[in-house]
Amino acid sequence: MLELISCLGDLNNDSKFFKFQNKVVELLYNELIPGYENGEDEVLLVSRLVNAVNGESYGPMRLLAKKIHGSRSFVNFQYMNKGITKELGDMVVISVATAGRKRLFQRISIIQNKKSKKTSWGIDSEQLFLLKNFPLFTGESGVFKDRDNVAFRNESRCLGSYGLFCDPGEMVFVSAPLVASLLSGKKSLSLSALSLPFEYNSTALNVSRFPWWSGRLRYNPRELRYILRELSESPHFPLMWPFGSESNFLGNTVFGRDLYDFVRAWTQFSLGEVTYAYDTVLNSEVDAFANLIIAAAGFSDLFEMPMPRNDVFPERQLEGDLAVILMHVDVPHEG
């Protein structure tokens with residue numbers, strides 16, 4: 001992790017990196033706004049996101065994106081006392097850090113995209129239940145076909161999330177648990193509900209300034225010792241100060257008011273569930289899923305891909321219709 005912290009510290013102090021982030025946002029607006037003017041649906045708008053970012057790069061960072069075509073991924077799960085089948089999501093956002101072929105850090109968020117009708121978004125309560133709670137589920141079609149009792153841990157509270165498209169070509173990013181809180185029992189989420197002053201809200205809605213690992217320390221002192229030892233050797237100590245970061249790198253963002261917030265959180269490793277760090281798989285089933293997606297999108301050359309575990313995902317070809325948007329940082333290394 002020390003190599004990654006050092007690399008991100010350099011990016012944090014690099015004004016040209018900030019300009020690169022702004023350029024990516026402009027590319028997204030240039031794609032989404034015409035899509036809205038044409039009256040396109042979520043599927044076409046997501047395709048525009050893929051086209052906008054694929055191939056962009058700055059220094060050690062590059063953005064890769066691909067639309068995988070096939071059947072949509074539906075899963076069956078227990079909702080209260082009845083079986084329900086729903087789509088898991090239509091886009092995944094992944095962040096990966098490597099040193100050559102060695103993987104250092106990885107996180108993922110599974111996103112369901114919604115297009116607004118006038119000034120609100122209809123939210124399916126059963127799908128929200130799935131993306132918020134991740135109960136045990138069984139695959140019906142797509143990537144999880146023939147898989148039983150899949151268990152996804154959601155420690156970040158941001159493994160499942162929503163990309164809310166709105167006029168004239170904007171996207172709001174909201175984690176599923178936050179969507180549930182803002183709905184307050186209603187069936188649709190209004191634009192006005194997203195106008196709350198989150199930075200002053202006492203319910204920990206704005207947690208981006210805290211490191212991604214802050215919630216883990218309460219039950220794993222070994223990780224705390226590891227982190228503090230690494231930090232003590234780093235000139236970029238404030239980047240991961242245990243009681244709040246001076247930057248938004250390696251945070252845990254659950255809300256992005258617009259594409260600027262979304263792109264900065266994503267390119268600063270602050271979006272989604274962490275599946276790999278400390279040279280350790282932290283969330284085995286989600287990590288296996290993320291690696292299956294990476295390989296299916298044709299990005300398996302990024303790092304030494306672990307062999308699939310039979311109790312997670314057997315060796316298989318991906319069947320699914322999914323947009324994959326990936327940010328990769330290859331930190332400076334020897335060899």
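**Entry 1: Glu285**

I started with a backbone atom: the nitrogen of Ala151 lies 3.0 Å from a polar atom of the Glu285 side chain. I note here that I am working from a predicted model. Where does Glu285 lie? I found Glu285 in helix α8, which covers residues 284–296.

Next I asked which side chain of opposite charge is nearest to Glu285. The answer is Arg147, at 4.5 Å. A salt bridge needs a side-chain nitrogen within 4 Å of a carboxyl oxygen, and I wrote down that Glu285 is buried yet has no salt bridge.

How many salt bridges does the structure hold? I have 10 in my notes. As a reminder to myself, side chains of opposite charge can pair when their charged atoms come close.

I looked up Lys23 and Glu56, which form a salt bridge with their closest N and O atoms 3.0 Å apart. Lys23 sits in helix α2 (residues 15–37), while Glu56 is in the loop between α3 (42–53) and β1 (57–58), so this pair ties together parts that are 33 residues apart in sequence.

Are these two buried or exposed? Lys23 is partly exposed, with a relative accessible area of 40%. Glu56 is buried, with a relative accessible area of 17%.

Lys23 and Val53 are 30 residues apart in sequence, and their C-alpha atoms are 9.9 Å apart in space.

**Entry 2: Glu31 and Arg48**

I turned to another pair that involves helix α2. The side chains of Glu31 and Arg48 meet in a salt bridge, at 3.1 Å from N to O. Glu31 belongs to helix α2 and Arg48 to helix α3, so I have a link between distant parts of the chain, 17 residues apart.

I noted the accessibility of both partners. Glu31 is partly exposed, with a relative accessible area of 23%. Arg48 counts as buried at 16% relative accessibility; the cut-off for buried is under 20%.

**Entry 3: Lys82 and Glu126**

I then looked at Lys82 and Glu126, whose side chains meet in a salt bridge of 3.9 Å, N to O. Lys82 is in strand β4 (residues 82–87) and Glu126 in helix α4 (residues 125–133); the two are 44 residues apart, and the pair links distant parts of the chain.

Lys82 counts as partly exposed, at 42% relative accessibility. Glu126 is buried, its relative accessible area being 17%.

**Entry 4: the nonpolar core and Phe152**

I finished with the largest nonpolar core, which has 104 residues. Which element gives the largest share of this core? It is α2, with 8 residues. Helix α2 is also where I had placed Lys23.

Phe105 and Phe152 have the most contacts inside the core. For background, nonpolar side chains tend to be buried together in soluble globular proteins.

Notes
Residues are numbered from 1 along each chain as its sequence is written. This is a predicted model: local features need pLDDT of at least 70, side-chain atom pairs count only at pLDDT 80 or more; totals for chains, interfaces and linings use all residues. Side-chain values use heavy atoms; hydrogens and water are left out. Helices (H or I, at least four residues) and strands (E, at least two) are DSSP runs, numbered from the N terminus. Buried means under 20% relative accessible area, exposed over 50%, partly exposed in between (1.4 Å probe, protein chains only). Lys and Arg count as positive and Asp and Glu as negative; His and the chain ends are not counted. A polar contact is a pair of N or O atoms within 3.5 Å; within protein, one must be able to donate a hydrogen and the other to accept it, and residues adjacent in sequence count only if both atoms are side-chain atoms. A nonpolar core is a set of buried Ala, Val, Leu, Ile, Met, Phe, Trp, Tyr and Cys residues joined through side-chain atoms within 4.5 Å.
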